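Subject: Structure handover

Hi,

Here is the structure I said I'd pass on. Have a look at it first, then read on for what turned up.

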Amino acid sequence: MALLEGENLTKSFGGVLAVDDVSFSIDRGESVGLIGPNGAGKSTLFRLITGVHEPTEGHIFLDGDEITGKDSHDICHRGLVKTHQIVRPFEHMTLLENATVGAEFGGRDVDDPREKAYESLEFVSLDHLAHTEPDELSVGALKRLEIARVLATDPDVMLFDEVAGGLDTDETEAIVDLIGDIKESGKTIFLIDHVMRALMSVSERVFVLDNGQLIARGSPEEIQNNQRVIEAYLGTSAGRDHDATGPVAGD
């Protein structure tokens, strides 16, 4: 049974159709990537799932229960969370206090929120900086703090929005390894990223959005060699030249 499902999701803003009749399902413990050109509707789809926007049409289900139109905090309490593309730590609180907010208000019954927060920092290798404030961290460490805060809510499903954005090669590899560890711990993962090597390496399946429509889904290898996906990214003429230039790759 699918853990997260979207049925015929549509979202329009005035005359602009941002998400157009998108249906998908993700199984428990699966890791799925979401890609597409800029403006394809990826972040809007994530906002529909997390309750930031309400769909114009369609339905969303989490573990069989409908969450369409629920408030974001209610969805978090049910076990679905998302990291921010631009990290937003509580600036005048320590890393431990930042993570404790997630444990305290994430909606799960936790005997000791501070202990749960410390475990989350330990998981992302920031426990040695538990009493440090975020303004002393590198971009890579801030991204890991963002992950620790959502891990502290004890989620079933984690949505990552551009988690590798702005990172150098070493930091990207560290984040990819971390996402792999999170998946191995039993979490279900749905992620957006423009760093293709990162997304493809951690995704069992990949969905592709273009102009709000889901145009392809399949394994990373299938997606990288999909003619329609190549044309969406590079244009029709480039797609015709694909045999000479090779599959979609890189970032």
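Predicted model: local features only at pLDDT ≥ 70, side-chain atom pairs only at ≥ 80, totals over all residues.

The second largest pocket is lined by 18 residues, and Gly39, Ala40, Gly41, Lys42 and Ser43 are the ones nearest its centre. "Pocket" here comes from a 1 Å grid over the protein atoms alone: it is an open set of points with protein on both sides within 12 Å along at least five of seven lines, and a lining residue has an atom within 4 Å of a point. The volume of this second largest pocket is about 190 Å³, where a volume is the space filled by probe spheres set on the points, with grid points joined across faces, edges and corners. Strand 2 (16-27) and helix 1 each supply at least two of its lining residues, and helix 1 has the largest share, with 4 residues. Helices (H or I, at least four residues) and strands (E, at least two) are DSSP runs, numbered from the N terminus. By type, the lining of the second largest pocket divides into 5 nonpolar, 9 polar and 4 charged residues.

Residues are numbered from 1 along each chain as its sequence is written, and side-chain values use heavy atoms, with hydrogens and water left out.

Now the largest pocket. Its volume is about 710 Å³, and 28 residues line it, with Val81, Lys82, His84, Glu146 and Val150 nearest the centre. Two or more lining residues come from each of helix 1 (42-49), helix 2 (72-77), strand 6 (80-82), helix 3 (95-105) and helix 5 (139-151). Helix 2 gives the largest share, 5 residues. The lining of the largest pocket splits into 11 nonpolar, 11 polar and 6 charged residues.

The structure holds 1 cavity of 30 Å³ or more, a cavity being a set of points where a 1.4 Å probe fits but cannot get out. The volume of the largest cavity is about 50 Å³. Among the residues lining the largest cavity are Val163, Ile175, Leu191 and Asp193, and helix 6 (169-184) and helix 7 (196-202) each supply at least two. The lining of this largest cavity has 9 nonpolar residues, no polar ones and 1 charged one.

What about the packing? The largest nonpolar core has 43 residues, and Leu121 and Ile147 touch the most other members. Helix 5 gives the most to this core, with 7 residues. A nonpolar core is a set of buried Ala, Val, Leu, Ile, Met, Phe, Trp, Tyr and Cys residues joined through side-chain atoms within 4.5 Å; buried means under 20% relative accessible area, exposed over 50%, and partly exposed in between (1.4 Å probe, protein chains only). A second, separate core of 25 residues includes Val32, Ala40, Leu62 and Leu209.

Leaving out residues up to four places away in sequence, Leu145 touches Pro89, Leu95, Asn98, Leu121, Leu126, Pro134 and Leu137, where contact means heavy atoms within 4.5 Å. Thr188, in strand 8 (residues 188-192), is likewise buried, with a relative accessible area of 1%.

Last, some strands. Strand 3 (residues 31-35) and strand 9 (residues 205-210) pair in the parallel sense over 4 bridges; strands pair if DSSP finds at least two bridges between them. Strand 9 also pairs with strand 10 (residues 213-218), in the antiparallel sense over 5 bridges. Val208 links the two pairings: in strand 9 it is the bridge partner of Ile35, and its own partner in strand 10 is Ala216. In the hairpin of strand 9 and strand 10, with 2 residues between the strands, Asn211 takes a positive phi near 50°.

Cheers

Notes. Nonpolar A, V, L, I, M, F, W, Y, C, P; charged D, E, K, R; others polar.
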